[in-house]
Amino acid sequence: MPPPRPTLRTGEPVWLPPRVAHRAPRYPRLTGVHHADVAIVGGGITGAIAALRFAEAGVDAVVLEADRVGHGSTAASSALLLQEPDARFSSLSERYGQAAAKRIWRLSHDAAHDLIALLERLSTPTALTRRDTIHYTTDADDVAPLHREYVARCRAGFDATWLTPRALRVDVGIPARAGIRTRGSAQCDPFRACEAVIGEAARAGTRVFERSAVRRIEARRGRGGARRVEVRTNGGVVEARQVVIATGYATRQFRPLAGRFQLVHTYVAATPPLDARARREIGLADVLLWDTRRPYHYARWTADRRLLLGGADRSIRGGPGPAARLAIAVAGIRAHFERLLPALGDVAIAHAWEGRFANTPDSLPYIGPHRRYPGHAFALGYGGNGMTFGSLAGRLLAEQWQGLASQDHALFAFDR
């Protein structure tokens, strides 16, 4: 039996009020023996989107969630549906060449648009709102690199508007030295989005099981030499042709892959709902705000008029316990944004939480098979773009299952 699973979040995400966090599970535990084409391990937003894409392709899939759907890393998300990857276009061009960088950015844009379109057509409200992105700097030394990034994006055909200090002050409400405005991104409630998408997959025939932590996965040859994968929980087993690992990072069952990832804690704080006067005093426009620092800071308004403030990412290693880490990080986030938005000094923090995610060396996820694990496909290492890259993973995994050849798959492969 594998060791206990690490905690994917601590604190109280604003998306999980007590009436939601403590309600009865919607889906049963896995019991008995089940047969499927694909078993998906992980019931967060990536597993949910993958399940729906498989169902739309006529693939019989089973989702196994260790806790409850959407209660792990997804609930810790701030749900900025950004078109832009964490990695700058210019950085990816230097690493992989301009053609590959342009395709990666186009796929990221398309994945964000696909997810936005999906959430818009679902009947369940997800607090989806389209928003512009503001990528800004307060550092004089970063103005020139940011302008080079702006020029590179424009030459590659991506939407971008250069923002001067005056435009940032008047149109956005922040004192900064320069910025790039991008149109076409969005925000949502990540927990509602996950529930809505996996509910749509369940209505399309996907079997979903909660409180069904996977204990062992074995690949073996079946009748006629066909490869089968056996996925076991404490209560049952799924026999499938393939297993998709949609857990966000390499869990202990895949320890040899762990060196490819840097596990990171991230932090979010949320104000109470603010009235119109308080919002005017703060002065921030309805945008998705993120800076050029590493680790970066970000902010946005929610549908119920709270201001979300996030960032302060740090590597997971020894140090203070979760409560102390959270308090230190929230104090740092607050200090950063009070310099930008001084009126925040009079506003309380109502919710704060810590999440866990995985970064890769190039800030791009790994999506697809790995030669060490026959019968497996992976969707891991999204960095700060979990929802956008989760959308992309769902599409690429379904294409790979159907045997559709595409050069896009190599851009996110383990051997890239």
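The lining of the largest cavity divides by class into 5 nonpolar, 1 polar and 5 charged residues (Ala, Val, Leu, Ile, Met, Phe, Trp, Tyr, Cys and Pro count as nonpolar, Asp, Glu, Lys and Arg as charged, and the others, Gly among them, as polar). The model is predicted, with local features needing pLDDT of at least 70 and side-chain atom pairs pLDDT 80 or more, while totals for chains, interfaces and linings use all residues. Residues are numbered from 1 along each chain as its sequence is written, and side-chain values use heavy atoms, leaving out hydrogens and water.

To find this lining in the structure, look for Val20, Arg23, Ala24, Pro25, Arg26, Arg68, Val69, His71, Phe191, Glu195 and Glu210. A cavity here is a set of points on a 1 Å grid over the protein atoms alone where a 1.4 Å probe fits but cannot get out, and lining residues have an atom within 4 Å of a point. The largest cavity holds about 60 Å³ of space, a volume being the space filled by probe spheres set on the points, which are joined across faces, edges and corners.

Now turn to the second largest cavity, with a volume of about 30 Å³. Among its lining residues are Thr271, Arg334, Glu338 and Ile349, and by class the lining has 5 nonpolar, 1 polar and 2 charged residues.

Stepping back, the chain has 12 helices and 18 strands (DSSP runs: H or I of at least four residues for helices, E of at least two for strands). Its C-alpha trace spans about 70 × 50 × 45 Å along the principal axes. Of the 416 residues, 55% count as buried, meaning under 20% relative accessible area with a 1.4 Å probe, protein chains only.

How values were computed:
On a 1 Å grid over the protein atoms alone, a cavity is a set of points where a 1.4 Å probe fits but cannot get out, and a pocket is an open set with protein on both sides within 12 Å along at least five of seven lines; lining residues have an atom within 4 Å of a point. Buried means under 20% relative accessible area, exposed over 50%, partly exposed in between (1.4 Å probe, protein chains only).
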